[in-house]
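I opened the model to look up its helices, their packing and the contact between its chains. My entries follow in the order in which I made them.

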Amino acid sequence: MPSQIECEEAVARLLEYLDGELEEADRSRVERHLETCRGCFDRSEFERRLRELVAETGSAPAPESLRLRIRGLIERF
Amino acid sequence: MEDWGVISRSRSSPPREGARGGGGGPAGAPPATGEEVTARRRRVFQAEVERLMDRLYGTAVRLTRNRADAEDLVAEALARAWSRLDTLEDLQAFEKWIFRILSNAFVSGRRRSRETPASALLTGEDEGDTESLFDRLHQPFLLWWDNPEQRLLDRLLREDVERALDGLPDAYRLAVVLVDVEGFTYAEAAETLSIPVGTVRSRLSRGRSLFQEALWPQARELGLTTRGVGG
């Protein structure tokens, strides 16, 4: 059974938790803390939503000129 | 979707003894010719690229911060990808594979460029973190549906986010783009950037802090706080 952690440790590990970079035991400890601590849960949700906004900038409608260029390129492969 | 395994086997190794349809052709049919295999590979490649085109282009814009350069980067990456198609063993891995190639093409291009001295990628690594947006905005006594930090997220425009990202120093920007935009693991980002995982971790931390710092003016413009930039 993972031990309880305090807010300070949860905050310190939060970004790696959201990145999926924590080992199972640490991930479980952070998760359990978030289930019981309103402040850390709010922080986690804020970081998660902000991360989603960042991820969304990685998609943009490709211009038709690029699509045509790539089709031509692939046809010549 | 075509069977990539069949296409791969047909070009790289003979079919297993007893396997049906040697050479990628249907059962009992003669083995596919080299031309047929190439045509099938091209068809699959084209379909996958079309499916991912907006994300390839969008990611390239984030990496290059320039739309014309982004188009060139996508074209270069796809040419590289085609020449290395033999390294792709499973079509399910195409997406991750192609974004690795896109990022590697960008990073190796930067290393070749005379415009960007290596030192520009290495500044400010040990500077401390700034106060997070959450810490600046959060007011624990408010009701959950009236949190200023949530209101900021609701009202942030994409261009605000893009401007904040594009304004980061390169070392931090690349770490943030690889992990937060492209979804790389720390290890994958480290390999792409040729730096230790610990350095990826520290650059991410600093980059995210600076990114949030850059969004602070939006929070003030939206009237979500009366605190100054420094406190």
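**Elements.** I took helices (H or I, at least four residues) and strands (E, at least two) as DSSP runs, numbered from the N terminus. On that basis the elements of chain B run α-α-α-α-α-α-α-α-α-α from the N terminus on. I counted ten helices and zero strands in chain B.

**Source notes.** The model is predicted: local features need pLDDT of at least 70, side-chain atom pairs count only at pLDDT 80 or more, and totals for chains, interfaces and linings use all residues. Residues are numbered from 1 along each chain as its sequence is written, while chains are lettered from A and ligands numbered from 1 in the order in which they are written.

**Chain B overall.** I called a residue buried if 20 or more other C-beta atoms lie within 10 Å of its own, exposed if 12 or fewer, and partly exposed in between, with C-beta atoms placed from the backbone. Of the 231 residues of chain B, 31% are buried by this count. For contacts I required that the C-beta atoms of two residues, placed from the backbone, lie within 7 Å. Taking contacts in chain B between residues at least 6 apart in sequence, I found that 63% join residues at least 24 apart.

**Chain B against chain A.** I found 35 residues of chain B in contact with 27 residues of chain A. On the chain B side, α2 (34–64), α3 (67–83), α6 (148–155), α7 (158–166) and α8 (170–181) each supply at least two residues. The largest share of that side, twelve residues, comes from α2(B). For classes I counted Ala, Val, Leu, Ile, Met, Phe, Trp, Tyr, Cys and Pro as nonpolar, Asp, Glu, Lys and Arg as charged, and the others, Gly among them, as polar. The chain B side then has 19 nonpolar, six polar and ten charged residues.

**A:L15.** I looked up this residue in helix α1 (residues 7–18) of chain A. A:L15 is partly exposed because it has 17 C-beta neighbours inside 10 Å. Apart from neighbours within four places in sequence, A:L15 is in contact with A:E47 and B:S205.

**α2(B) with α3(B).** Axes here are lines fitted to C-alpha atoms, for helices over the stretch in contact, and angles run from 0 to 180 degrees between N-to-C directions. The axes of α2(B) and α3(B) are 9 Å apart, at an angle of about 135°. Angles under 35 degrees count as roughly parallel, over 145 as roughly antiparallel, 65 to 115 as roughly perpendicular and the rest as oblique. The two helices, α2(B) and α3(B), are therefore oblique to each other. Residues that meet include B:F45, B:V49 and B:L56 from α2(B), and B:L73, B:V74 and B:W82 from α3(B). By class I noted twelve nonpolar, one polar and two charged residues in this contact.

**The loop between them.** B:R65 lies in the loop between α2 and α3 of chain B. Most residues other than glycine have a negative phi. B:R65 has 15 C-beta neighbours inside 10 Å and so counts as partly exposed.

**α3(B) with α4(B).** The axes of α3(B) and helix α4 (residues 94–112) of chain B come within 9 Å and cross at roughly 120°. This pair, α3(B) and α4(B), is therefore oblique too. On α3(B) I listed B:L73, B:E76, B:A77, B:R80 and B:A81, which meet B:I98, B:I101, B:L102, B:A105 and B:F106 on α4(B). Eight of the contact residues are nonpolar, none polar and two charged.

**α4(B) itself.** Its buried residues include B:F94, B:I98, B:F99 and B:S103. The buried residues of α4(B) pack against α2, α3, α8 and α9 (186–193) of chain B.

B:S194 lies in the loop between α9 and α10 (197–221) of chain B. B:S194 also has a positive phi, about 55°, and is not a glycine. B:S194 is exposed because 10 other C-beta atoms lie within 10 Å. B:S202 lies in helix α10 of chain B, and B:S202 is partly exposed, with 18 C-beta neighbours inside 10 Å.
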